[in-house]
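Please keep the viewer open while you read, as each point is meant to be checked by eye.

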Amino acid sequence: MATVDASPGPFTFDPASTALLVIDMQRDFMEPGGFGETLGNDVAQLRRVIEPTAALLVACRALGLTVIHTREGHLPDLSDCPPAKLNRGEPSMRIGAPGPMGRILIRGEHGHDIIDELAPASDELVIDKPGKGAFYNTSLGDVLAARGIRSLVVTGVTTEVCVHTTVREANDRGYECLVLSDCVGSYFPEFQEAGLRMIAAQGGIFGWVAPSSSFIAALQ
Ligand code: TIU
């Protein structure tokens, strides 16, 4: 067992039953011309997450920790995209529209894939998801059960959207979640702060929060 100095208190985990989850580090959210920017966001806000997450991946891979990446996106015919999502708001380009990195948020397009800096290793799982949560309409639950995973170390974007939705889904399914504060990012600094506080508040209502340095120290 290993213990991380976390908020609201120590996070104890067994590396053999722990997975690192890297959520939606896709060009569509991280780079200009993708889904994030079409929603009116400044994608530069997310860049600071890349370097610590790359270092985290090096540490986890060296120890053989299970690493799972997710990607948010839809089938080319949009049959898995509910109208409530497709028609929401006033983006400059809708999901499925042709953008500079291919069709916005569509599987198989350049923009849908994970950024080069955090590219999955050949033995790492990539779970495609149609929603914000990584459990909804995916094989993630079965994959974790098959591997005996009980604890999730959660990273990725964005803090208050796909990270939060996934952590809430995981918490209700009985997983213990540690969110790494420097490896999750939001387009909104105030949501980043509030999003992290919400997880650890009330005695850890959804999980624990710690910087990646504390998690990596616990792995040594
Ligand atoms: N818009 C926003 O903040 N996020 C998303 O739409 N998806 C994810 O968080 N991955």
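1. Ground rules. This is a predicted model, in which local features need pLDDT of at least 70 and side-chain atom pairs count only at pLDDT 80 or more, while totals for chains, interfaces and linings use all residues. Residues are numbered from 1 along each chain as its sequence is written.

2. Overall build. The protein chain contains eight helices and ten strands, where helices (H or I, at least four residues) and strands (E, at least two) are DSSP runs numbered from the N terminus. Its C-alpha atoms fill a box of roughly 50 × 35 × 30 Å along the principal axes. The radius of gyration is 17 Å, which agrees with the value near 17 Å for a compact globule of 220 residues; it is taken over C-alpha atoms, and the globule rule is 2.2 Å times the number of residues to the power 0.38.

3. Burial and contacts. Of the 220 residues in the protein chain, 41% are buried. A residue is buried if 20 or more other C-beta atoms lie within 10 Å of its own, exposed if 12 or fewer, and partly exposed in between, with C-beta atoms placed from the backbone. Among contacts between residues at least 6 apart in sequence, 72% join residues at least 24 apart; a contact means that the two C-beta atoms, placed from the backbone, lie within 7 Å.

4. The ligand shell. Around the ligand you will find D24, F29, L39, E72, K132, V157, T158, V161, C162 and Y187, each with its C-beta atom, placed from the backbone, within 6 Å of it. By class, the shell has six nonpolar, one polar and three charged residues. Here Ala, Val, Leu, Ile, Met, Phe, Trp, Tyr, Cys and Pro count as nonpolar, Asp, Glu, Lys and Arg as charged, and the others, Gly among them, as polar.

5. V157 and T158 are joined by a cis peptide bond, with omega about -15 degrees. T158 sits in the loop between strand 8 and helix 6 (159–172). Another cis bond runs from S7 to P8, with omega near 10 degrees, and P8 belongs to the loop between strand 1 (2–4) and strand 2 (11–13).

6. Helix 3. Which residues of helix 3 are buried? They are T53, L56, L57 and C60. These cover an arc of only 105 degrees around the axis, so they lie on the same side of helix 3; the arc is that of the directions from the helix axis to the C-beta atoms. Their packing partners are strand 3 (18–23), strand 4, strand 8 (151–157), strand 9 (176–185) and helix 8 (212–219). The face turned away from the buried side carries the exposed residues E51, V58 and A62. After helix 3 comes G64, whose phi is positive, near 75 degrees.

7. L105 is not a glycine, yet its phi is about 60 degrees; L105 is buried, with 29 other C-beta atoms within 10 Å. N137, also not a glycine, has a phi of about 55 degrees, but N137 counts as exposed because it has 11 C-beta neighbours inside 10 Å. L105 is in the loop between strand 6 (102–103) and strand 7 (125–129), and N137 in the loop between strand 7 and helix 5 (140–147).
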